[in-house]
Amino acid sequence: MDLLIDPSEADALARGDHGDPFGVLGSHKIGPRRWVIRALVPGAEAVEAIGLGPLTPAAPGLFVGSFAKNPGAYRLRAGRGGDSWEVEDPFRFGPVLGDMDEHFLAEGSHLRLWEVLGAHPMSHEGVEGTHFAVWAPTARRVAVVGDFNFWNGIAHPMRLRGATGVWEIFVPGVAPGARYKYQLKAMDGALLPQKADPVGFGSEHPPATASVVRDLRGRVWRDDAWLAARAEATLPDKPISIYEVQLGSWRRVEDNRRLSYLELCDTLIPYAVDMGFTHLELMPISEFPFDGSWGYQPVGLYAPTIRHGTPGEFRDFVEACHDAGLGLILDWVPGHFPTDPHGLGRFDGTPLYEHADPREGFHQDWNTLIYNFGRREVANFLIANAVYWLREHHVDALRVDAVASMLYRDYSRRPGEWVPNQHGGRENLEAIAFLKRMNQVVY
């Protein structure tokens, strides 16, 4: 058995403490004519590689076996008591992210970040499932947990992609609608609170906090005429009239229920047109945990809030605005984020998205955390988010919230409570550079 798997590695895998699971699990050649399969199937008492033979228990939930031929695209049959089930082994699949993705991720210049990070339903090596990817550069170990593995952090540890700090895994059989989070261990081995996906496209209904797999593919848009005429209609000498609205409080129906995106198509849009407005401006609709924030403390920047419906229904609302001749502006909040344990704060056990020094990284007025705009990956995360709303959801413009708090290091702070810039001044040079770059990219 020791020849098929090192006992210390078997123990680390069984305890959920192995930093390179793909280096051990799956199918590996171990000799001129010999292959080994190492399978991690928590809860199973017996496992066999279908058509090849049984595997031998090596540790709780861990099974190994050697074979005289290449296993190829093998499947597993597991058993416990009188039950049996077949599974694809997620550790037999190669990576999804490519070399160019790694290059742009490391450079902090991946302007379609949402296409590589987050949860993406796809067919990979001929099998349907979902690819998960998350940035956590100083984590000791990352696993995806969810409905599909009974929230068991042992089952699906992820693969670290080189120096990018991105972890990924393709999980066969996971379909849209599945709930999930990331389980991370800090470098010191401490288990962190389970985190929602920073680039997730969907969330559970608050107060639940899990991310939800959503499929953004396949939308056939019908607003080509609007998009073609938009530039002419928004020239600086053209008049506009904006109706700002908070969707959750604009109107309620029976039992104080909020209107859905589809109901808002039939109520809010005709109202705004009848009143003579040219544009709707929605207070933030990126997913947020606390109703009282009105969306100004977002956790899921890439997820239209489920309070009114799914991402597809939000797209229906955008298209209905354009059908009615209304432009749609979103309030966008890149200045700060809340401290909720499932959010971005100390995401991998370190101040990853925020500044470490509270004089730079903590907003005293709102008890929120401030993005580290000078970190290239953080700026990339935010700029790509701006592009995401415009490209993926056909939104027409962004209204940036709380800009003054971003521009000045001494915003709402007394002497001694802030850190001067490199010239000794109060201007936040990194935030200014970020806003300039965001505008350039958006235009």
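This is a predicted model: local features need pLDDT of at least 70, side-chain atom pairs count only at pLDDT 80 or more; totals for chains, interfaces and linings use all residues.

Guide: Residues are numbered from 1 along each chain as its sequence is written, and side-chain values use heavy atoms, without hydrogens and water.

Visitor: How much space lies in the largest pocket?
Guide: About 830 Å³. A pocket here is an open set of points, on a 1 Å grid over the protein atoms alone, where a 1.4 Å probe fits, with protein on both sides within 12 Å along at least five of seven lines. The volume is the space filled by probe spheres set on the points, which are joined across faces, edges and corners.

Visitor: Which residues are the closest to its centre?
Guide: L390, D396, A397, V442 and Y443, of 26 lining residues; lining means having an atom within 4 Å of a point.

Visitor: Which element gives the largest share of that lining?
Guide: Helix 10, with five residues. Helices are DSSP runs of H or I with at least four residues, and strands are runs of E with at least two, numbered from the N terminus.

Visitor: And the second largest pocket, how much space lies there?
Guide: About 410 Å³. Of its 18 lining residues, V41, V87, F148, N149 and H156 are the closest to the centre.

Visitor: Which elements give two or more residues there?
Guide: Strand 8 (83-88) and strand 13 (166-172); strand 8 gives the most, three residues.
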